[in-house]
Amino acid sequence: MTDSLDALNNKLDRLIEAVSRLAPPPVPETDLGVADCFVWQADPGYLEPVRKVNRVDIGLIRGVDRVRDILLDNTERFASGFAANNVLLWGARGMGKSSLVKAVHAKVNVSDKLDRPLKLIEIHREDIDTLPKLMGLLKAAPYRFILFCDDLSFDHDDTSYKSLKAALEGGVEGRPANVIFYATSNRRHLLPRDMIDNERSTAINPSEAVEEKVSLSDRFGLWLGFHKCSQDEYLDMIDGYVRYHGLTIDPETLRAEALEWATTRGSRSGRVAWQFTQDLAGRLGKPLKD
């Protein structure tokens, strides 16, 4: 009898162990005090802290002085508890849209005017439909948050943009007072041109169909445009990187090589300038600063 009970208990133990392996792991506790930057992991609903943020000093972002100042002012006002707008940074690729958001966040947090640090939370494009869940998690927290989505855009048959519209301003509760939304995109209206044109051509009321599609971008109070840089601005970016990282090279040689690099890439931008700087440092055998 005892042997039968022991065998039964062993089977029950194995069954319990097998069932426990099938159960989802517990959601980790989110401690907002351990870092200033987080990445939203929609499944299982957890803010993952980022200990070392990939960003550049704001002084190295050139050719966008006006939009830099506007974004910095908007962010400082929000961090201080005053009214501020959601921001859409749109335009030419490689001109520092996402770099500027991260640099401005760092710049604001070194101010001694803030009682608490401003938090930056990155949300991936494919997780936009979980925004209400994330905002529900943040609204009761004692911090102020920038929700940041890089390279935001929507394709055909993608209806998740409606979730974003509701989360920004259209819902019953509205956007929490301690949350603001920054997004970067190559598209001013976040939707492909042919999608908007198709809505216009097939709808019974073309103007209403277009209004529905472009009303998403209207949720952003600030539209900051980024445009292709001039040759002088491109060279100024490289000069700034070279000085910052302590790279020694003849100025005329630097200019000639930088222009050749841009020609082979077929474009001039902050990203191209940084890629040239990495190549130059490698050829000179010099490490780059963190």
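Analyst: Axes are lines fitted to C-alpha atoms, for helices over the stretch in contact, and angles run from 0 to 180 degrees between N-to-C directions. This is a predicted model, in which local features need pLDDT of at least 70, side-chain atom pairs count only at pLDDT 80 or more, and totals for chains, interfaces and linings use all residues. Residues are numbered from 1 along each chain as its sequence is written, and side-chain values use heavy atoms, with hydrogens and water left out.

User: Why is H8 called oblique to H9?

Analyst: Helix H8 (residues 231-244) and helix H9 (residues 251-265) pack at an angle of about 120 degrees, their axes being 11 Å apart. That angle makes H8 oblique to H9, because under 35 degrees counts as roughly parallel, over 145 as roughly antiparallel, 65 to 115 as roughly perpendicular and the rest as oblique.

User: Which residues of H8 meet H9?

Analyst: Contact means heavy atoms within 4.5 Å. Gln231, Tyr234, Leu235, Ile238, Asp239 and Val242 in H8 meet residues of H9, including Leu254, Arg255 and Trp261.

User: What makes Leu131 in helix H4 count as buried?

Analyst: Buried means under 20% relative accessible area, exposed over 50%, partly exposed in between (1.4 Å probe, protein chains only). In H4 (residues 131-138), Leu131 is buried, and so are Leu134, Met135 and Leu138.

User: How do you know that they are on the same side of H4?

Analyst: They cover an arc of only 100 degrees around the axis, which puts them on the same side of H4. The arc is that of the directions from the helix axis to the C-beta atoms.

User: How much of the chain counts as buried?

Analyst: Of its 290 residues, 40% do.

Conventions. Helices (H or I, at least four residues) and strands (E, at least two) are DSSP runs, numbered from the N terminus.
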